[in-house]
Amino acid sequence: MITPERQLRLVRRIFTRVAPVYDLLNHLLSLGEDRRWRRFLARAVRPGPTGRVLDVATGTGDVALALATSPARPRVIGLDLLPAMLAPAQTKAARRGLSLPLVCGDALHLPFPEACFDAVTIAFGIRNIPHRVAALAEMARVLVPGGRLYVLELATPTSPRLRRLYRVYLQGLLPRLGGLISRQGDAYQYLADTILAFPAPAQFRAELRAAGLVAPRSYALTRGVAWLHVAERPQAG
Ligand SMILES: C[S@@+](CC[C@H](N)C(=O)[O-])C[C@H]1O[C@@H](n2cnc3c(N)ncnc32)[C@H](O)[C@@H]1O
């Protein structure tokens with residue numbers, strides 16, 4: 001069992017070091033599926049009256065960029081704890097001539113007033129935040145009433161047979177291959193450990209409710225290797 005303090009130290013160290021090869025490893029280790037998952041998320045998001053969407057734990061910015069270029073063209077802000085992860089996001093946005101405001105900040109203390117976004121997204125980020133329900137409640141706070149939170153996260157497949165195979169991949173090949181390419185041996189062991197420790201969809205939906213969100217639902221992607229969880233801030237009154 002990892003303490004919140006140790007997890008925060010690990011997150012800072014691992015993502016700062018892995019940032020330059022983060023995108024490459026993501027595509028490689030997910031066999032390119034990560035692109036499809038992010039596209040699925042970007043297509044699901046429906047902007048509303050404010051026209052603003054916040055992407056928390058934006059990292060190297062792929063979700064924020066997919067959102068910013070989606071047909072509804074919302075104004076997207078990306079937020080992340082680590083400047084090293086935001087640097088590639090900045091470069092990618094500039095290369096594509098897109099204005100993408102990027103903010104260095106903590107998901108637990110979002111530097112925005114209440115009710116100022118139609119939607120909040122977080123992709124592969126919530127697994128890295130030890131105080132999960134508090135972070136979800138903070139994301140709910142900045143949503144307009146009726147606004148939606150979209151959480152894209154990795155898990156283990158639903159079928160027991162596939163789950164067994166996937167465990168072998170997570171605990172064997174993934175840390176070895178990831179460690180070899182990134183030269184950060186512990187980074188991909190951390191990834192495997194956090195995926196295995198993440199709650200099952202029904203349990204995560206209970207956490208969304210505990211954070212004050214309503215109508216949670218979950219959509220399985222690639223046989224449950226990834227999930228999109230959606231929930232709403234209750235309407236006022
Ligand atoms: C696995 S990466 C996901 C990046 C990106 N969303 C994607 O789709 O690839 C996790 C990100 O969460 C960020 N993160 C971890 N804890 C955070 C926190 N408390 N507040 C904001 N960002 C955080 C890390 O810096 C890292 O960039």
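**The pocket and the ligand**

Analyst: The largest pocket has a lining of 34 residues, with Leu29, Ser30, Tyr166, Tyr169 and Leu174 nearest its centre. On a 1 Å grid over the protein atoms alone, a pocket is an open set of points with protein on both sides within 12 Å along at least five of seven lines, and lining residues have an atom within 4 Å of a point. This is a predicted model, where local features need pLDDT of at least 70 and side-chain atom pairs pLDDT 80 or more, while totals for chains, interfaces and linings use all residues. Residues are numbered from 1 along each chain as its sequence is written, and side-chain values use heavy atoms, leaving out hydrogens and water.

User: Which element gives the most to the lining of the largest pocket?
Analyst: That's α7, with 7 residues. Helices here are DSSP runs of H or I with at least four residues, strands are runs of E with at least two, and both are numbered from the N terminus.

User: What classes of residue are in that lining?
Analyst: The lining of the largest pocket has 25 nonpolar, 4 polar and 5 charged residues. Asp, Glu, Lys and Arg count as charged; Ala, Val, Leu, Ile, Met, Phe, Trp, Tyr, Cys and Pro as nonpolar; the others, Gly among them, as polar.

User: Which ligand atom does Asp106 reach?
Analyst: A polar side-chain atom of Asp106 is 2.9 Å from a nitrogen atom of the ligand. For Asp80, a polar side-chain atom sits 2.6 Å from a ligand oxygen atom.

User: Last topic: how do β6 and β7 run?
Analyst: Antiparallel, with 6 bridges joining β6 (residues 214-221) to β7 (residues 226-232). Ser218 stands opposite His229 in β7.

Definitions and conventions
Two strands pair if DSSP finds at least two bridges between them. A polar contact is a pair of N or O atoms within 3.5 Å; within protein, one must be able to donate a hydrogen and the other to accept it, and residues adjacent in sequence count only if both atoms are side-chain atoms. On a 1 Å grid over the protein atoms alone, a cavity is a set of points where a 1.4 Å probe fits but cannot get out, and a pocket is an open set with protein on both sides within 12 Å along at least five of seven lines; lining residues have an atom within 4 Å of a point.
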